[in-house]
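Here is a colleague's note to read alongside the structure. Please keep the sequence and the 3D view open while working through the numbered points.

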Amino acid sequence: MSTMSGINHALLFAHLPHLDAPHHLGSPIASVIALTGESLIIVLLSQLFHLPQAAESCSNTSQQCPNRVDQWDDVQRLLTYVYVKATKAAQDLGKVLLDISVVLRDPSEELSSHLGHGIDMCFRIQGDPPVLHLPESIEALPTVFVVPDKVTEAHRQRSAHVTNGGDSSPSSYPVVALGGTFDHLHAGHKILLSMAAWIASRKVIVGTTDDELLKNKSNKHVLEPMTVRMEKTRSFLQLFRPDIEYEIVPLRDVCGPTGWDSDIQALVVSMETLPGAAAIDKKRAAESLPPLRAFVIDVISSESEKLDHEDMEMLKQTKLSSTFIREWIVKNQTRSV
């Protein structure tokens, strides 16, 4: 698919002074979505996105290191706002299959050269500071500056805030696990995967539902095979955070590796899969394994109280669902016949 302007794959860079929902990016995101045909990577830059492995360097300086566990609510709210804003803009234009990814980077760290591969255009926010450490593949791209919404000034008045949870709260967990179907990888999946990678310091284990367990899914003939779903999941995670290990495994029961692997410390679940966490703890107790620390993705729930009224209304109007995507594919295939 191509657009009138010929931009199929685009990058959008934006600096964030804090972790509040970046309402000043609303119009820029919608404008870039309108111009983009196949994929958009939104790169959010903040010193609050310091990697856990760099914590030692913080202790040797006056810099205060962010605690990723303490930032759980703030980061999932931030990701939810950006993903929902971009997804709704795409769906409103009929671009249901537009591949949207959001990555979080510390501006002082080198950006991977892979980020610029296959990209046609780079977008930046007018008035933002320069993006440092850009690889040549991105430096060489044509760049367009987009004007932020007027709330920008109010946002920029605030200073970056680092939460400190105290010594008793770990800032991250070595190994984090999660599971899901991950069919036609969409914003809801990517928020779940991103948050697992956010709090991990060494490895993320992803259980991907086996094809055999999906026989009763609607429009199963357009459901992606497990090998495709696993590969797309790995590709996204490596884009989001390339510095840690990813183990993507078939999931043939509720527990998967979480039921027996003593190396896992934390579990990421959605509101829909929260009951599964109790089953996992029961299985682990039977194996004389310690319970897992459960982290819940609850911002994307229709019952969430963590978004303001306007953002919640936007969320309710946005379809974050593989079922919706499969229905859209079938409907459009029928029209084209």
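Which residues of helix α1 (residues 26–35) are buried? The first point takes up this question, and the later ones move on to other parts of the chain.

1. The model is a predicted one, and within it the buried residues of helix α1 are Gly26, Pro28, Ile29, Val32 and Ile33. To see what surrounds them, look for the elements against which these buried residues pack, namely the strands β1 (9–15), β2 (39–45), β3 (99–105), β4 (121–125) and β5 (143–146), together with helix α3.

2. For the chain as a whole, the secondary structure comes to 10 helices and 10 strands, and 53% of the 337 residues count as buried.

3. On the α3 side the contact is made by Trp72, Val75, Gln76, Leu79, Thr80, Tyr83 and Thr87, while α6 contributes Ala187, Lys190, Ile191, Ser194, Met195, Trp198 and Ile199.

4. Helix α6 (residues 187–199) also meets helix α7 (residues 226–240), where the axes come within 10 Å and cross at roughly 50 degrees, so that α6 is oblique to α7. This crossing, too, is described as right-handed. The contact involves Lys190, Leu193, Ser194, Ala197 and Trp198 of α6, which meet Thr233, Phe236, Leu237 and Phe240 of α7.

5. How many aromatic pairs does a search of the whole structure find? The search finds four, and one of them is formed by Trp72 and Phe295, a tilted pair with 4.9 Å from centre to centre and 45 degrees between the planes. Trp72 lies in helix α3 (residues 72–92) and Phe295 in strand β10 (residues 293–297), so the pair ties together parts that are 223 residues apart in sequence. Both Trp72 and Phe295 are buried.

6. Phe295 pairs with Tyr173 as well, and this pair is edge-to-face, with 5.7 Å from centre to centre and 70 degrees between the planes. Here again distant parts of the chain are linked, because Tyr173 belongs to strand β6 (residues 173–180) and Phe295 to strand β10, 122 residues apart. Tyr173 is buried, as is Phe295. Taken together, the ring pairs link Trp72, Tyr173 and Phe295 into a cluster.

7. Is Asp281 buried, partly exposed or exposed? This residue, which lies in helix α8 (residues 274–286), has a relative accessible area of 30% and is therefore partly exposed. If residues up to four places away in sequence are left aside, Asp281 touches Pro291 and Leu292. Asp281 and Pro291 are 10 residues apart in sequence, and their C-alpha atoms are 5.3 Å apart in space.

Note on methods:
Residues numbered from 1 in each chain as written. Predicted model: local features only at pLDDT ≥ 70, side-chain atom pairs only at ≥ 80, totals over all residues. Heavy atoms only, no water. Phe/Tyr/Trp six-rings, centres within 6.5 Å; stacked < 30°, edge-to-face > 60°. Helix = DSSP H or I, 4+ residues; strand = E, 2+ residues; numbered from the N terminus. Buried < 20%, exposed > 50% of the residue type's maximum accessible area, 1.4 Å probe, protein only. Axes fitted to C-alpha atoms, helices over the stretch in contact; angles between N-to-C directions. Parallel < 35°, antiparallel > 145°, perpendicular 65-115°, else oblique. Left-handed = near helix turned anticlockwise from the far one by under 90°. Contact = heavy atoms within 4.5 Å.
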